[in-house]
Amino acid sequence: QQELQLQPTSQSESSPDQKSPERVDENCSASDHFTKFNPQQYLECFYKSAGEDLAMQVVLFFLPGILYRLPPRIETMLDLGAGPTVYLPIACRDRVETIYTSDYAPANRQALQQWVEKRHSFDWTKVCTWISNIEASHETAEQMQQKARDKIRAVLDVNVHECPVVRGVDWKADETIQVPQQFDLVTTVFCLEYSGETLQDYLRAVKGACSLVKPGGYLMQGGVLDADSYNFDGKRFRSHRLMREHVTMGLKENDFFTEEDASGEHEFKFMTHEDIYIMIAKRKC
């Protein structure tokens, strides 16, 4: 049985010298992600070494247990608000037949397309190694990535505060592909609470995400509780201070299961460590 052994979170930037004036990060709204989010700096800060960022460690550690609660085969998956990241398609590569990925910011969608086309400079090897160690997989990082790439059908332009959520298609594997209106699995990690700054914003984002899940399908959600912002690249992006009861509220409002079922139906599971959470919920039919 695995034990969660986490390393201290590293600081993305060194502490200022005592004689130097303290650096003040630029204060950005949630909507500033559209123009001020730097994909490469984000990846370098949080994903360059998966073993150093606490939030990344917790999410990756709990992912296999969350995936266990899904049916053995999933037809369609949408990674909603993926940013420039691809670890969820990689982790789901053996369970999902077709994968769609997406984001709100144009720069992030461009980074996703570059990764699919093997033109991106960021090295995902350490993240893949972390995933494969948890899985006890013998695949190489390149094999894991290529398997995920082969299943990605499109990169979508999305906004969880609008209806419909999917606003357009930036890239398709081929022109014959028809993007589904709903998916068997929607994953959204470090996204919904960062898309706005109030509880109302969050609940609207949850409604948008849930609208993309088929009846009987699943929503996998993760993030950080009790935090009102996050910092990188000299910027502080404000967010909604999410509490666990807000997560439950959003699910209930959109007809999802919110309690663990002792019968083993795997309708709901919530895992948390150090205010970092990941959960899966099934939509009622």
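Buried means under 20% relative accessible area, exposed means over 50%, and partly exposed lies in between, with a 1.4 Å probe and protein chains only. By that scale Lys-147, at 28% relative accessibility, counts as partly exposed. This is a predicted model, so local features need pLDDT of at least 70 and side-chain atom pairs count only at pLDDT 80 or more, while totals for chains, interfaces and linings use all residues. Residues are numbered from 1 along each chain as its sequence is written, and side-chain values use heavy atoms, with hydrogens and water left out.

- Helices (H or I, at least four residues) and strands (E, at least two) are DSSP runs, numbered from the N terminus.
- Two strands pair if DSSP finds at least two bridges between them.
- Strand E3 covers residues 96-103. Seven of its eight residues are buried, so E3 is largely enclosed by the rest of the structure.
- E3 runs parallel to strand E2 (residues 74-79), and five bridges join the two. Within this pair, Met-77 has Ile-99 of E3 as its bridge partner.
- E3 also pairs with strand E4 (residues 152-158), again in the parallel sense and over five bridges. Ser-102 faces Leu-156 of E4, and Tyr-100 stands opposite Ala-154 of E4.
- E4 is mostly covered, with six of its seven residues buried.
- E4 and strand E5 (residues 166-172) run antiparallel, joined by five bridges. Here Asp-157 has Gly-168 in E5 as its bridge partner.

**The E1-E9-E8 sheet**

- Three strands form an open sheet in the order E1-E9-E8, with mixed pairing.
- E1 and strand E8 (229-232) stand at the edges with a single partner strand each, so one side of each has no neighbour in the sheet.
- Neighbouring strands of this sheet are turned by 20° against each other on average, direction ignored. The axes behind such angles are lines fitted to C-alpha atoms, for helices over the stretch in contact, and angles run from 0 to 180 degrees between N-to-C directions.
- E1 pairs with strand E9 (residues 235-238) in the parallel sense over three bridges. Asn-27 stands opposite Arg-236 in E9.

**Nonpolar cores**

- A nonpolar core is a set of buried Ala, Val, Leu, Ile, Met, Phe, Trp, Tyr and Cys residues joined through side-chain atoms within 4.5 Å.
- The largest core has 59 residues. Tyr-47, Tyr-87, Trp-124 and Phe-190 have the most contacts inside it.
- Helix H3 (residues 54-67) gives the largest share of this core, 11 residues.
- Another core, of 32 residues, lies apart from it and has Leu-78, Leu-156, Val-158 and Leu-225 among its members.
- Contact means heavy atoms within 4.5 Å. Leaving aside residues up to four places away in sequence, Tyr-47 touches Tyr-42, Met-56, Thr-85, Tyr-87, Phe-122, Trp-124, Val-127 and Phe-190.

**Salt bridges**

- A salt bridge is a side-chain nitrogen of Lys or Arg within 4 Å of a carboxyl oxygen of Asp or Glu. The count by this rule is 21 salt bridges.
- Lys-36 forms a salt bridge with Glu-26, their closest N and O atoms being 2.6 Å apart. Lys-36 lies in helix H1 and Glu-26 in strand E1, so the pair ties together parts that are 10 residues apart in sequence.
- Both partners are partly exposed: Lys-36 has a relative accessible area of 31%, and Glu-26 comes to 33%.
- Asp-94 forms a salt bridge with Lys-147, with closest N and O atoms 3.0 Å apart. This pair links distant parts of the chain, 53 residues apart: Asp-94 sits in the loop between helix H4 (87-91) and E3, and Lys-147 in helix H7 (residues 141-151).
- Asp-94 is partly exposed, with a relative accessible area of 39%.
- Arg-119 forms a salt bridge with Glu-117, the closest N and O atoms lying 2.7 Å apart. Arg-119 is partly exposed at 47%, and Glu-117 is partly exposed at 32%.
- Salt bridges that share partners join Arg-93, Asp-94, Glu-135, Glu-139 and Lys-147 into one network.

- Lys and Arg count as positive, Asp and Glu as negative; His and the chain ends are not counted.
- Asp-32 lies in the loop between strand E1 (26-28) and helix H1 (33-36).
- Asp-32 is buried yet has no salt bridge. The nearest side chain of opposite charge is Lys-36, 4.2 Å away.
- Not counting residues up to four places away in sequence, Asp-32 touches Phe-37 and Phe-237.
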